[in-house]
Amino acid sequence: MKYGNYLSERKLQLPEEWQQVFIDYEGLKNFIKEHIAPACLKPTLANQQSWPTPNAAASPIIGGSFTPAATKEDLNAFSAVIASRLTVIQIKVPEFLTQLDQQVADVSNFTTTQTRKIYEDYGAFQGSQIGLGLVSTTGSNGDSNGTAAAATSTTETSEDSLETLLQSVLKLERYIFLNYTGIVKIIKKMDRHAGLGISEAYLGRVWKLPFARAEQLSSLKKELMEKLSGVLTKISTIGAQQDAAIGRSSEAPFSPLALNFKADSPVMMWRPTALKSTEKTWFPPGPLLPHQRVLISMSGPHGTDIIGTLLACAAKYQCAVDDFSFARLYHNVTFAILITIKNDDMDIFKDLAAAAKRWDATLTFDILDSLKKDPHFGNYVPGSLEDAPYEGRLKYTATVLCQHGLTSAFLSDWTKLLLENKISVEKMVRLNEGQLSCADYKLSIPSNLSMDKFREALFQLSADHGTDVALQPYDVFRKHKRLVVFDMDSTLIQQEVIDEIARHAGVMEKVSEITEAAMNGEIDFKESLKRRVALLKGTPVAVLDTVREQLTFTEDALYLCKALKKIGFKLAVISGGFMPLALHVKNVLGLDYAFANQLKVSPDGLYLTGETVGPIVSGERKAELLEVIAQAESVTLDQVIAVGDGANDLWMLAKAGLGIAFNAKPRVQQKARARINQKSLKYVLYLLGYEDAEIRQLANS
């Protein structure tokens, strides 16, 4: 909710008479928009008045020169614009200040009048106190009871009067607070739109007014609370005497700390409850205190000093720190703190303004409604300051990566896609060092967004820019995966092993055609394997050793596996290839499991028969084996990562919490939830949120 709407909403909760004397925030804002903003002196002028350009036919670089007349005319035009705007500012800003001054004076006078009324009521109350709490315990039982009853009645009447007075003070405090924040907001808005810097000086004048400091009101509030404490203590004492007089047990006398308080009642009421006494000193219940939530942010070049000064102010005025957030951009930092004001001393804002000036910082604050939890009513405060201020949203992380660097064109189109789908960016973190090539986004996504359609748009965006976007839920499992299952061919290694065997068998071309069709999902994997293996009949078993020596591991495969093992991952290879080669990959990379097809050999063990032994490791079988390994390691499927490139990997990619299509076939990329189309397997670590420095530490430790 915009501040103007918030102010109007809170204003309507005050008496109608009070609403007539109030800062006209919307009216002043419209005045700024209509008369001052068009004459703004900010650097936007540079976009409206271009600098003179060289004569195309006579450039100084090739022997020409600038046209003197054009330069003079351009400069004159710019000067004229400045003069025109200054004239408007000279007239309209004083008009604005005159309006604001009058409204400030009206509010100040009204506050003084209301304060005087409260003091008059308080004086009348003090003059009418008769024997408050004086209870006689002498005489007959009847006299004792009668006296106690009369005293109780008088005391309770006094309590009601004191309470009414205190509520009047609290209401007037609220009125002052709303108007003062309205003044701060509107003068700063005028500063921004005029291109001036007079808000600090103006607020210094306002602060000298009695209404802004409200010292008399603060003193009266303190005195009323102290007197109310005494009244409640006397009620407790009288109640105990009455109980004793009629023979009731005094095991659980009234405690002033045990108050049933209705914060949402039009008239705040206390109702005593019989509870065991714990303390004699009365302390005002929470709802009586201001409990105003304020979001304060300070931006400037002095990082730790800014943090220190904000926290020092919070401590000095005994504010509760509800949340904070910090961001650094080279020398400049922004520190935001969400506090709850727990006392009536508004000097905190004066101290904050002085601190901002001392540290050459920009100070902003927003008044938040601590009683409203509905995000559509009042200023909704999320669980964390880093979260977008919307409720009922889905949290996702998107990792964008390109080994050649993230281009401005991609970043622009990516942001446009987010805007089109009403997706809010909550956090952006660069993951790699050197040229910007990998970044992590925390996103707040509307719950009614069609994720299937959004993923289709992401796929098209990735294809257009050659940049991957991996979308996954932002939850505890993101960085707490525990098992990675890899395909082998074209994933952990760069070859397709059956093609390499076929090369030595002289049937390379035929096998490759079947392999390609299988990987694209054009024919059933089991059928394709059966056809390809049949073509290998009679091939010497020794060919497997030759192929093993010629295997080329994918870039950073060992680096990735070493890093994952350091943080306790279990690793497995599940391949539609063949067991001897899968075991070799397992041993080289330090994997924990290896599953693959087993080739049948002749009785003498020298030749391949063109058949397989045991269950075929098809796509469905891969998913089954993934689940078996997860169960054996006591790992949930949300903690499993699957990496593969072929159509027969789709089952295990869907089964795992994070399925990654690595340099995969188009059909696989369209269906997979995450894609990596880069040379290195190291990018898997980026999808887990690790930065370069962390990855190096894992790999080198």
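Does Ser 297 belong with the buried or the exposed residues, and what is its relative accessibility? I looked this up to start: Ser 297 counts as buried because its relative accessibility is 16%. Here buried means under 20% relative accessible area, exposed over 50%, and partly exposed in between, with a 1.4 Å probe and protein chains only.

**Before going on**

I am reading a predicted model, in which local features need pLDDT of at least 70 and side-chain atom pairs count only at pLDDT 80 or more, while totals for chains, interfaces and linings use all residues. Residues are numbered from 1 along each chain as its sequence is written, and side-chain values use heavy atoms, with hydrogens and water left out.

**Entry 1: Ser 297**

I found Ser 297 in strand 3 (residues 292–300); helices (H or I, at least four residues) and strands (E, at least two) are DSSP runs numbered from the N terminus. Its side chain makes a polar contact of 2.5 Å with that of Thr 364. A polar contact is a pair of N or O atoms within 3.5 Å; within protein, one must be able to donate a hydrogen and the other to accept it, and residues adjacent in sequence count only if both atoms are side-chain atoms. Leaving out residues up to four places away in sequence, I saw Ser 297 touch Phe 335, Ala 336, Thr 362, Leu 363 and Thr 364, where contact means heavy atoms within 4.5 Å.

**Entry 2: the whole chain**

I counted 24 helices and 17 strands in the protein chain. Buried residues make up 46% of its 701 residues.

**Entry 3: the cores**

I looked for nonpolar cores, meaning sets of buried Ala, Val, Leu, Ile, Met, Phe, Trp, Tyr and Cys residues joined through side-chain atoms within 4.5 Å. The largest has 74 residues, and Ile 36 and Phe 96 are among those that touch the most other members. Helix 6 (residues 141–194) gives the largest share of this core, 17 residues. A second, separate core holds 61 residues, including Ala 502 and Leu 688.

**Entry 4: helix 16**

Which residues are buried in helix 16? I noted Phe 525, Ser 528, Leu 529, Arg 532 and Val 533 (the helix spans residues 525–534). They sit on the same side of helix 16, because they cover an arc of only 125° around the axis, taken from the directions from the helix axis to the C-beta atoms. At the N-terminal end, Asp 524 caps helix 16, with a side-chain oxygen 3.1 Å from the backbone nitrogen of Lys 526. Among the elements that the buried residues pack against, I listed helix 14 (497–505) and strand 12 (570–578).
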